[in-house]
Amino acid sequence: MNLSFHAPKKDQCSLCTTYREGSQSTKLELAERFQKHTQEKIKVRELKEDSKSRVVNDSTFLCASFDLQQVIYLPKSNESALFYKRRLANFNFTFYNIASKDCFCYTWHEGLSKRGANEIATCVFKALDFYNSTGIKNVSLYSDGCTGQNKNSIMATMLLYVVASCVNIEEISLRFFESFHGQNEGDSAHSAISYAIKQGGDLFVPSQLSPVFKLARRNQPYLVHCLRHDDILDFKELSKTLRVLSVKVADTGEAIRWTDVMEIKVQKQNLHQIFLKTSHLQKDYVVLSLKRQKNDNNIRSLKLAPQNYEPNKISKEKYLDLNSLCRGDTPIIKLSEHQDFYKLLPHAE
């Protein structure tokens, strides 16, 4: 019947591939590093399974994963004129509740804001603020270890602010997967959304993405939130105020390198401390104390400011390309209906 099994494509871990396919001398050289790499991979998966098991018996516990989807470029059409043109980058951040399978989609485009640590921290903050209102007390989060977006002092500051400002949430832990060995349930949402976009025909402006995102999973639609430029909160400035960025040494005298951190934990009862682990195999936390914090009320009283007081500017070249598709010598007819959107995009002069 001409049946066969399809081997799905997946990014391969360079360390695992090198060790598996390398010579005997290469394997001996990498043996210790590969062993620790494997142990870390297994341990964080075990911790995640423990969190998933706890959710079944504890209604005040939240286990969730989050990630940023691959960039979506618009306009999307089969028109050949698009091939050589710069297009508008659209971002979709997913926050996936592993127990209920609810998935929040926070979406924006580059004409509103970038995709840095503040944007990611804001999306996580908004999701946690929602779950605080449902009575959640303890939170266990999982994500990849992208330093520029997830694994940094800005994310740690945001988590500290959440436990300080939220009524119900008392403790949050954020664990990072071993590189190239993530197990993120949000990937299923990314896959479903990518397929829905592929099947959705021509898409010209970001507003057309929202219904596509929402109905990419029909039996339990994704919860889509379109962000404005002033929705992005400046947690980096808050980090400077709390002097988290300036703390380079733990209480034990050990140097703090955020790139090495594998877990961040914060507690309501210890608002002047951030607990860190540089390995999932590590038993005890390294404590980072905010020694200049006079009292816990300092954090609670701080007000968050928006990162962007005006929309982000796209490059002049991209602006000209997008508008030429609407009003050029050979415009895309359907895209011309949305020319006002592209004409009003803020851009560099």
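Tutor: Buried means under 20% relative accessible area, exposed means over 50%, and partly exposed covers what lies in between, computed with a 1.4 Å probe on protein chains only. The model is predicted, so local features need pLDDT of at least 70 and side-chain atom pairs count only at pLDDT 80 or more, while totals for chains, interfaces and linings use all residues. Residues are numbered from 1 along each chain as its sequence is written, and side-chain values use heavy atoms, with hydrogens and water left out.

Student: What makes β8 a strand that is largely enclosed by the rest of the structure?

Tutor: Five of the five residues of β8 are buried, so the strand is largely enclosed. Glu263, Lys265 and Gln267 cover one side, Ile264 and Val266 the other, and all of them are buried.

Student: Why is Glu263 called buried?

Tutor: Its relative accessibility is 2%, and the limit is under 20%, so Glu263 qualifies. Glu263 lies in β8, which spans residues 263-267.

Student: How do you know that the side chain of Glu263 makes a polar contact?

Tutor: A polar contact is a pair of N or O atoms within 3.5 Å; within protein, one must be able to donate a hydrogen and the other to accept it, and residues adjacent in sequence count only if both atoms are side-chain atoms. The side chains of Glu263 and Tyr285 come to 2.7 Å in such a contact. Tyr285 is also on the list of residues that Glu263 touches, which includes Arg175, Phe176 and Lys277 and leaves out residues up to four places away in sequence. Contact here means heavy atoms within 4.5 Å.

Student: Which strands does β8 pair with, and how do you know?

Tutor: Two strands pair if DSSP finds at least two bridges between them. Five bridges join β6 (residues 171-176) to β8, and these strands run antiparallel. Arg175 stands opposite Glu263 in that pairing. Three bridges join β8 to β9 (residues 273-277), again antiparallel, with Ile264 opposite Leu276. Both counts meet the cut-off of two, so both are pairs. A hairpin of five residues links β8 to β9.

Student: Why is His109 called buried?

Tutor: The value for His109 is 8%, so this residue counts as buried. His109 is in strand β4, residues 103-109. Its side chain reaches the backbone nitrogen of Gly111 at 2.9 Å. Beyond four places in sequence, His109 touches residues including Asn90, Phe91, Pro206 and Phe341.

Student: What is the relative accessibility of Arg20, and what is this residue called?

Tutor: Arg20 has 48%, so it counts as partly exposed. Arg20 is found in α1, residues 14-21, and touches Gln12 and Lys27 when residues up to four places away are not counted.

Student: What makes the span of helix α4 close to the one expected?

Tutor: The expected span is 1.5 Å times one less than the number of residues. For the 13 residues of α4 (153-165) this gives 18 Å, and the helix reaches 18 Å from its first C-alpha to its last. α4 is mostly covered, with 12 of its 13 residues buried. At the start of α4, a side-chain oxygen of Asn152 reaches to within 3.2 Å of the backbone nitrogen of Ile154.

Student: What makes a set of residues a nonpolar core?

Tutor: The members are buried Ala, Val, Leu, Ile, Met, Phe, Trp, Tyr and Cys residues joined through side-chain atoms within 4.5 Å. The largest core has 61 residues, of which Phe93, Phe95, Leu128, Leu141 and Ile172 touch the most other members. Its largest share, 10 residues, comes from α4. Apart from this core lies another of 35 residues, among them Leu88, Ala189, Phe204 and Phe213.

Technical notes:
Helices (H or I, at least four residues) and strands (E, at least two) are DSSP runs, numbered from the N terminus.
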